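Please read the points below alongside the structure, which is shown next.

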Amino acid sequence: PPPMECIFGLVGDGFTLLVADASARRSVFLYKQDEDKIFPIDEHKAMAVTGEPGDTTLFAELIQKNLALCTLRVGVPRSPHATAHFTRAIMAENLRRSPYFVNLLLAGHDKDEGPSLYYLDYLASLQKLNFAAHGYGAFFILSLFDRYYRPGMSLPEAIKLANLCIAQLRLRFVISTPAFTAKVVDTDGVRMVDLKNEGVRMVDLKNEEEMVVVEE
Amino acid sequence: RVAMSIMQYNGSAVLAMKGKNCVGIASDLCFGVQGRMITTNFRKTFRMQEKLYLGLTGLATDVQTLHERLEFRLNMYKLREGREIKPSTFASVISNVLYAHRFGPYFVEPVVAGLDDTNTPFICGMDLIGAPVTPPDFVCAGSNTEALFGTCETMYRPDMEPEELFEVLSQCLLASIDRDALAGWGAVVTIITPEGSFTRTLKGRQD
């Protein structure tokens, strides 16, 4: 499907911010405006997915559950580096069988690695980056990041930059995407971020309803 | 969306040259998707052994997959044989791996550069189904091989010392990737000599 949906992320000072647009659409129809595309993978990792509608949820949950299994078996959660390569391996293996048409951004936090962001496209090309974006929105967002991103930004600064990107999309992108959800990954775990008020509240990973953010 | 050959979906450029008892291998640093740059530190040359380097151009996902597979095969070789692999043997291994996927190939064009156990320089290039060629001078691969061949043919001369080889290799690669819209954003050059190897990163045109 054409990449109308956009996801982007950036690494800041001790955290990684992931932002995804909250629309679920197919051809000319807009099904909902409060879809959460950022899946918490485990305590200190989150994955924002975009692409083929069924494949996205399927792949994200596949990674979630396999990582949970690994943690149960080994006793220690995998590092973001290992998780990213594990995800790439699954995607690359299936590329020539039954490909997952999923573009994703994997955000993680590790006490050794610090905050990290991994870009993985649907062909399973993996890159570790400071900032990244998928979708048509990337054309606008990457330029803004090139201009305004600095390593070691604070969370309020990162949220301000995210809001700048969203404002630019509203102004210049032909597809209207009014609603965005955001999550931040840091030493405290995966948390929902309210882009409007720059407030942060804890996400209860066991509560399914918590996973949805509704923009007024 | 522009219709592009699969080999040019992510741009790349790798060049290897023989010198006097030394070899050089160089690649550009760009990772892009259909002309859009994503990152500028994706090097396409990999150290397989102390005196054996592998360069991979083509589709980035296959570059990563093939590098992982070949590293695995090399580790297994080392465990079984108890010694390091010769560059010519490694080239045969790659050729075999690629031809095994004759009708569903990896979209890569590998370049092997190294010194064998008698410190004789060895370079080899291959197409995506593993047809090898071992020329006496240089090997080019990537999204704009015409430019690479042009500069190399002009500036190459046999029996270059390591520093001279570094200079010629760098200039050939930089001049070619400047003319390639898909590759570029800097380059990394490795020169392998019997005493050791050195790697230097070059800053070229940042576009």
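1. A salt bridge here is a side-chain nitrogen of Lys or Arg within 4 Å of a carboxyl oxygen of Asp or Glu. By this rule, 2 salt bridges are found across the interface of chain A and chain B, and in one of them A:Arg88 pairs with B:Glu68, with the closest N and O atoms 3.4 Å apart.

2. This is a predicted model, in which local features need pLDDT of at least 70 and side-chain atom pairs count only at pLDDT 80 or more, while totals for chains, interfaces and linings use all residues. Residues are numbered from 1 along each chain as its sequence is written, chains are lettered from A in the order in which they are written, and side-chain values use heavy atoms, with hydrogens and water left out.

3. The contact (heavy atoms within 4.5 Å) takes 18 residues from chain A and 19 residues from chain B. The area buried between the two chains, that is, the accessible area (1.4 Å probe) lost on putting them together, summed over both, is about 1500 Å², and carbon and sulfur atoms give 48% of that area. In chain A, A:Arg88, A:Arg96 and A:Gln127 lose the most area to chain B, together 36% of what that side buries.
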